[in-house]
Amino acid sequence: MRDLAILSQKGDKKAYALFLKKLSPYIHGALRRKLGSIVDQEDLAQECLLGIHKNLQSYQPDQPIKPWISAIIRYKLADHFRKLERNREQLVEKEPIEVTNTSESANKETATSKREASEVLGALPLKLRRALEMTHIEGLSYSEAAEKEGISEAALRKRISRAFAKVRVQVTRSREFLN
C-alpha cells in the first residue's frame, strides 16, 4: 500500500484507485476489530476513506503507511463516539422531565445513589479517578484532559479503560453481596 500511496501523491489515478481498493478491506477489518458488528460501520469506513483522501498529501513516504492509516482510523473512531455522546446528551436534554415522586423516599434514593457513586469513584487510585472525573464529569475532551495531566492521549485512554474495569469489578461485587 505504501508504494501505491506514494504514486497516488504524485497524481497516478490508477495507483490511487488500486490504493483505495486495497485500503477498504483494511479499514473494514480494523473497524470490525474495534467495534464488532456496529450499524454505523459502513458510514464510519467511508469517513475513514475520506479522511485518508483529504490527508494523503500529509503522508511522509519515508514512514510506514499502516501506522499513518491507523491513526486516521483512531481519530475517526474518536469523532464517531464523541458525536454519539453529543447526540445522547441532546436526547436526554430534550426528554420531558416528569416529577412523579417528590417524597422523602425518592430524595433518600437519590442521596444514596450519589453516595454510592462517590464511594466507587473514591475507591479508585487518584490517577484513574482524575481521568474519569475530567472526561466524564467535567466534560473535558481526551486531548484537553491529557494535556492537563501532562500525559499522552493514549495514556489517558488507558487510564479511563482501567478505571472502568475497576468500577465494573466493584459494582459486580456489590451486586453479588446484595443478592
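Predicted model: local features only at pLDDT ≥ 70, side-chain atom pairs only at ≥ 80, totals over all residues.
Figure 1. When residues up to four places away in sequence are not counted, R159 touches K127, L128, A131, E149 and I151.

**Figure 2. Overview of the chain.** The chain has eight helices and zero strands, so that from the N terminus on its elements read α-α-α-α-α-α-α-α. Of its 179 residues, 26% count as buried, and the chain exposes about 12,800 Å², of which carbon and sulfur atoms supply 53%.

**Figure 3. Helix α1 and its packing against α2.** The buried residues of α1 are L4, A5, I6, S8 and Q9, and the helix is followed by G11, whose phi is positive, near 100 degrees. The axes of α1 and α2 are 8 Å apart, and the two helices pack at an angle of about 140 degrees. That angle makes α1 oblique to α2, and the crossing of the two helices is left-handed. At this meeting of helices, α1 contributes L4, A5, L7 and S8, while α2 contributes A15, Y16, L18, F19 and K22.

**Figure 4. Close-up of F19.** F19 is found in helix α2, residues 13-35, and counts as buried because its relative accessibility is 0%. With neighbours within four places in sequence left aside, F19 is in contact with M1, L4, A5, S8, I52, L56 and I65. The C-alpha atoms of F19 and D3, which are 16 residues apart along the chain, are separated by 8.9 Å.

**Figure 5. Packing of α2 against α3.** Helices α2 and α3 pack with their axes 9 Å apart and at an angle of about 135 degrees, and they are therefore oblique to each other. The crossing in which α2 passes α3 is right-handed. On the α2 side the meeting residues are Y16, F19, L20, L23, S24, I27, H28, L31, R32 and L35, and on the α3 side they are Q41, E42, L44, A45, C48, L49, I52 and H53.

Figure 6. In soluble globular proteins, nonpolar side chains tend to be buried together. The largest nonpolar core of this model has 23 residues, and those with the most contacts inside it are F19, I27, L31, I52, W68 and I73. At least two residues of this core are supplied by each of α1 (2-9), α2, α3 (41-55) and α4 (65-94), with the largest share, seven residues, coming from α2. Apart from this core lies another, of twelve residues, among them L121, L124, A146 and V167.

Note on methods:
Residues numbered from 1 in each chain as written. Heavy atoms only, no water. Helix = DSSP H or I, 4+ residues; strand = E, 2+ residues; numbered from the N terminus. Buried < 20%, exposed > 50% of the residue type's maximum accessible area, 1.4 Å probe, protein only. Contact = heavy atoms within 4.5 Å. Core = buried A, V, L, I, M, F, W, Y, C linked by side-chain atoms within 4.5 Å. Areas by Shrake-Rupley, 256 points an atom, 1.4 Å probe, with all protein chains shown as cover. Axes fitted to C-alpha atoms, helices over the stretch in contact; angles between N-to-C directions. Parallel < 35°, antiparallel > 145°, perpendicular 65-115°, else oblique. Left-handed = near helix turned anticlockwise from the far one by under 90°.
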